[in-house]
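Subject: Structure handover

Hello,

Here is the structure you asked to take over. My notes on it follow below.

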Amino acid sequence: MSSENDRIIVVGAGPVGLTTALALARRGIPSVLLAAEPELVMELRGSTFHPPTLDLLDEFDMVPRMIEVGLKAPTWQFRDRETGPVATFDLGLLAGDTNHPYRVQCEQWKLMRFVEAELNKIGTDIRFGHEVTGVTQDGDGVTVTASTANGPVAVSGRYVIAADGARSAVRRSLGVEFEGFTYAELFWIASTDFPFEKTLTDIAYVNYIADPNEWLVLLRVPGLWRVLVPAPENSDKDQLLSDEHMQSMLQRVVPRPEPYNIAHRSIYPVHQRVAKSFRHGRVLLAGDAAHVNNPLGGMGMNGGIQDAFNLADKLKAIYAGADDRLLDRYDRQRRIVAVEAVQAQTHRNQQMISERNPDVRKKSLDAMRRTAADKTSAREYMLRSSMIASMRRAAEIE
Ligand SMILES: Cc1cc2nc3c(=O)[nH]c(=O)nc-3n(C[C@H](O)[C@H](O)[C@H](O)COP(=O)(O)OP(=O)(O)OC[C@H]3O[C@@H](n4cnc5c(N)ncnc54)[C@H](O)[C@@H]3O)c2cc1C
């Protein structure tokens, strides 16, 4: 392999691809980043950063800047739509477990911009307008083909990290199964500058709200509240996104005489899926390309950023001479976290707040109330819901 090609090819400039490229650069490993779009995509998607992800991002010196453009959330809540708060979790109880005993509410595109600026400073080779279509590999290296405005191009390297999102072209081109299911309901989102905290005076910045008919998530980002509710799978999407339906959804949260000002609206299907394996020879899957889950718990991007640092550490060891079977350990560690922790926790959250049977609902909300009220059980629960327990579990896997 020529020294020019002795690099990592990162596919996708989402939060995971960008973080991977910067973590590699900080470990002295060259990479080329291929991104389908002409520039970074500024979608309003992930916004919750958990403590262990913030601990990892300390390496980039970015957390203070994220807090500056975001919000520190010291608590989060389970609520009942009718009766109000059920359980408030105080992340301060994790002070001995993390450098960041709080969540940071900051839109993922803000982190992406910070990371892109660092990559540009370092001079990392970022190629926008390169949509990867296929991968070939042999004992010496790996080559991806990408379609560009000037026709197809081939890019070679030592390994590929596919961070090209849930519909990953790399994963598909390898024929890797993406096992799991799709929820029957659609997830319907509105963002508004209406200050819900002035009416629902006891809410936190992150609230999961149980209701047998229309469960709800209320999330704060600077200047906006994001409201997420379910919609029937056979809904007419255009109709739901119409002003009339968006207004009536928001009016059900807090009725008011004036219409809501709506900053963003979207509706999408949600999946719980994990790739059969995260390693395929010289190709590693990371982020949504490897695992997707429902957003109740804010774990998708967090898990992907944790994949990125795990991979960067292993590639550093391999570039220093370690056996590349180390990458099989990446698969074992991160796949188990995706299945046992992220899929399980996010699905439980969805089940609990959507439960229709009043007895079952009462029982699980009561259990949550008791968990939050006892410091030992609250800490144990938050170690899991903040993804600290799963990071620790992964570190133990050989
Ligand atoms: C409403 C909502 C709320 C969410 N909230 C949270 C949250 O609070 N916390 C959390 O942790 N997660 C959250 N998530 C999940 C989070 O947004 C994703 O897990 C995260 O974006 C995954 O990052 P990624 O880089 O793996 O993939 P993506 O963000 O999908 O990025 C993939 C990139 O690859 C590019 N690409 C695609 N195909 C190709 C190709 N063939 N060649 C080159 N480039 C390609 C795409 O253009 C894109 O830029 C939320 C998701 C949604 C929808």
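Angles between axes under 35 degrees count as roughly parallel, over 145 as roughly antiparallel, 65 to 115 as roughly perpendicular and the rest as oblique. The axes themselves are lines fitted to C-alpha atoms, for helices over the stretch in contact, with angles running from 0 to 180 degrees between N-to-C directions. Helices (H or I, at least four residues) and strands (E, at least two) are DSSP runs, numbered from the N terminus.

This is a predicted model, in which local features need pLDDT of at least 70 and side-chain atom pairs count only at pLDDT 80 or more, while totals for chains, interfaces and linings use all residues. Residue numbers start from 1 along each chain as its sequence is written.

Helix pairs

Helix H9 (residues 300-319) and helix H10 (residues 326-354) have axes that come within 10 Å and cross at roughly 165°. H9 and H10 are therefore roughly antiparallel to each other. Residues are in contact if their C-beta atoms, placed from the backbone, lie within 7 Å. On the H9 side the contact includes Gly303, Asp307 and Leu311, and on the H10 side it includes Tyr330, Arg334 and Val337.

Helix H1 (residues 15-26) packs against helix H4 (residues 108-122) at an angle of about 35°, their axes being 9 Å apart. This crossing of H1 and H4 is left-handed. Among the residues that make the contact are Leu18 and Leu22 of H1, and Leu111 and Val115 of H4.

Domains

The chain is divided into domain 1 (3-74 + 91-179 + 272-354 + 387-396) and domain 2 (190-269), with bounds from an automatic or database domain assignment. The C-alpha centres of domain 1 and domain 2 lie 29 Å apart. Where they touch, 15 residues of domain 1 are in contact with 15 residues of domain 2. H10 gives the most to the domain 1 side, with 4 residues.

Regards

Conventions:
Contact = placed C-beta atoms within 7 Å. Left-handed = near helix turned anticlockwise from the far one by under 90°.
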